[in-house]
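Open the model in your viewer and keep the selection tool ready. We will go from core to helix to strand.

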Amino acid sequence: MAWVLKMDEVIESGLVHDFDASLSGIGQELGAGAYSMSDVLALPIFKQEDSSLPLDDETKHPPFQYVMCAATSPAVKLHDETLTYLNQGQSYEIRMLDNRKMGDVPEITGKLVKSIIRVVFHDRRLQYTEHQQLEGWKWNRPGDRLLDLDIPMSVGIIDTKTNPSQLNAVEFLWDPAKRTSAFIQVHCISTEFTPRKHGGEKGVPFRIQVDTFKQNENGEYTDHLHSASCQIKVFKPKGADRKQKTDREKMEKRTAREKEKYQPSYDTTVLTECSPWPDTPTAYVNSSPSTAPTFTAPQQSACSIPDSNSSSPNHQGDGVSQASSEQLQPSATIQETQQWLIKNRFSSYTRLFSSFLGADLLKLTKEDLVQICGAADGIRLYNSLKSRSVRPRLTLYVCREQPAPQGQQQAAGGGGDGGGATPYVYHAIYLEEMVASEVARKLALVFNIPFHQINQVYRQGPTGIHILVSDQMVQNFQDESCFLFSTVKAENGGGIHIILK
């Protein structure tokens, strides 16, 4: 038994010796104290594993870096995005830095690039309604811009452009090989876009975004190179300094453990990489004053007024028939969808739905549309997509009386062919208002009669008398009443009278 124990001790001591010898190549022996982890990672097994993994610097290296000379807030938690406070109208420098390594993006070497700087909303809810928000701001601040370039202070920028239809964007060309700084001024403040403006509200955050493009084969700056942005809040003059001081004082009162959860305040703000802004640069750069997207007007034939002599029973020239012909179809192209939005008074959402086909728009639920467009416009758009037209208050069927052929007499109101005569074809007119002028207007629309030439509308009564059609008479018409009508010239020769029979 003692022999067995002795053999175990010998084996164990040998194993320890071999293990210590295997570690002798990485510095000190295990028993001698701490060892170097860098030496351990330098072992062949770890080198082999590392070589199989792509390096971040090699796979993704941004060609540019943009740094705004404004301090970040100290009251931002570690894993949150930085927040920078700006004063309204104050000039802030954005340094445009060439961050390329040797051989990166060689096609722009010695050439200019174009950058577009924008101030946009950070909150997704406001991004969906950006057009309405900016239009409201423009209405309250006529002649002002949300974003401007301070050109006298800027360095290295060329061919600066600001567009009257893009109040929140500026653009310029610059040479990456030269020192370039763009000084921007933000004129909108964060509390201007809060639901209530009684003072003391928490302002909405904005984003400063820079998108940079290179020239394509045609010499146009449309090929995207790099985009970066940062989160900001804008205060009235000197308000940003007071807010920065307040945040700093709050952090000083926190314990050391609590301070560890927050980022330090940096003297400058580095814009972080992001996706390019959805606007295409060609939609912004234009020599014309207005660069708003334009669309071909819908073809008139889609809702053409039927000819008065048409004998087709399917021709209905008003209300429901036109609404059905104007309904958005799932097969509609992007351009047709844009035309439909404009025609149905949703032009403010054309940019938001700029890449939507008819099928894409029809797939959105009522809740989706309310979230995107707000309650009022969302419900209105949903009803328009589902073709929920308002039920007319009164429906009348009318037919233009044809002159009777010689030797034949047509039965008034008859629907037969009268022995080979032209059949009576009635058209439906739908009244949303129970007034006489609406009757005249709808008759003019359906039967292609100039509305301004209609003097009076009469109804033929007993013994052939002509009774003036008044609002009260229209209100007492029975729904789905049938009328023949004829036209006679007015006594003075100026216009016509319509007689309902």
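A nonpolar core here is a set of buried Ala, Val, Leu, Ile, Met, Phe, Trp, Tyr and Cys residues, joined through side-chain atoms within 4.5 Å. Buried means under 20% relative accessible area. Keep in mind that this is a predicted model.

**Stop 1: the whole chain**

Show the cartoon. The chain has 16 helices and 18 strands. Of its 501 residues, 37% are buried. Switch to the surface: the accessible area comes to about 29,700 Å², and carbon and sulfur atoms hold 52% of that. Residues 24 or more positions apart account for 68% of them.

**Stop 2: the largest core**

Select M68, I117, I184, V186, F206 and I208. The largest nonpolar core has 40 residues, and these six touch the most other members. Next, colour residues 221–235. This is strand β10, which gives the most to this core, with five residues.

Zoom in on M68. What is it in contact with, leaving aside neighbours within four places in sequence? The list is T84, L86, Y92, E93, I94, C230, I232, T268, T269 and L271.

Another core lies apart from the largest one. It has 25 residues, including I429, M434, V446 and I498.

**Stop 3: helix α13**

Select residues 366–373, helix α13. Show side chains for L369, I372 and C373, which are buried. Look down the axis of α13. Its buried residues fall within an arc of 75°, so they line one face of the helix. Which exposed residues sit on the face turned away from the buried side? They are E367 and Q371.

Then click G374, which follows α13. Its phi is positive, near 90°.

**Stop 4: I454**

Select 454–460, strand β15, and pick I454 within it. Is I454 buried or exposed? Its relative accessible area is 12%, so it is buried, given that the cut-off is under 20%.

Show its surroundings. Beyond neighbours within four places in sequence, I454 is in contact with A440, A444, I449, I496 and I498. I498 is the residue you kept from the 25-residue core.

Key. Residues numbered from 1 in each chain as written. Predicted model: local features only at pLDDT ≥ 70, side-chain atom pairs only at ≥ 80, totals over all residues. Heavy atoms only, no water. Helix = DSSP H or I, 4+ residues; strand = E, 2+ residues; numbered from the N terminus. Buried < 20%, exposed > 50% of the residue type's maximum accessible area, 1.4 Å probe, protein only. Contact = heavy atoms within 4.5 Å. Areas by Shrake-Rupley, 256 points an atom, 1.4 Å probe, with all protein chains shown as cover. Arc of directions from axis to C-beta.
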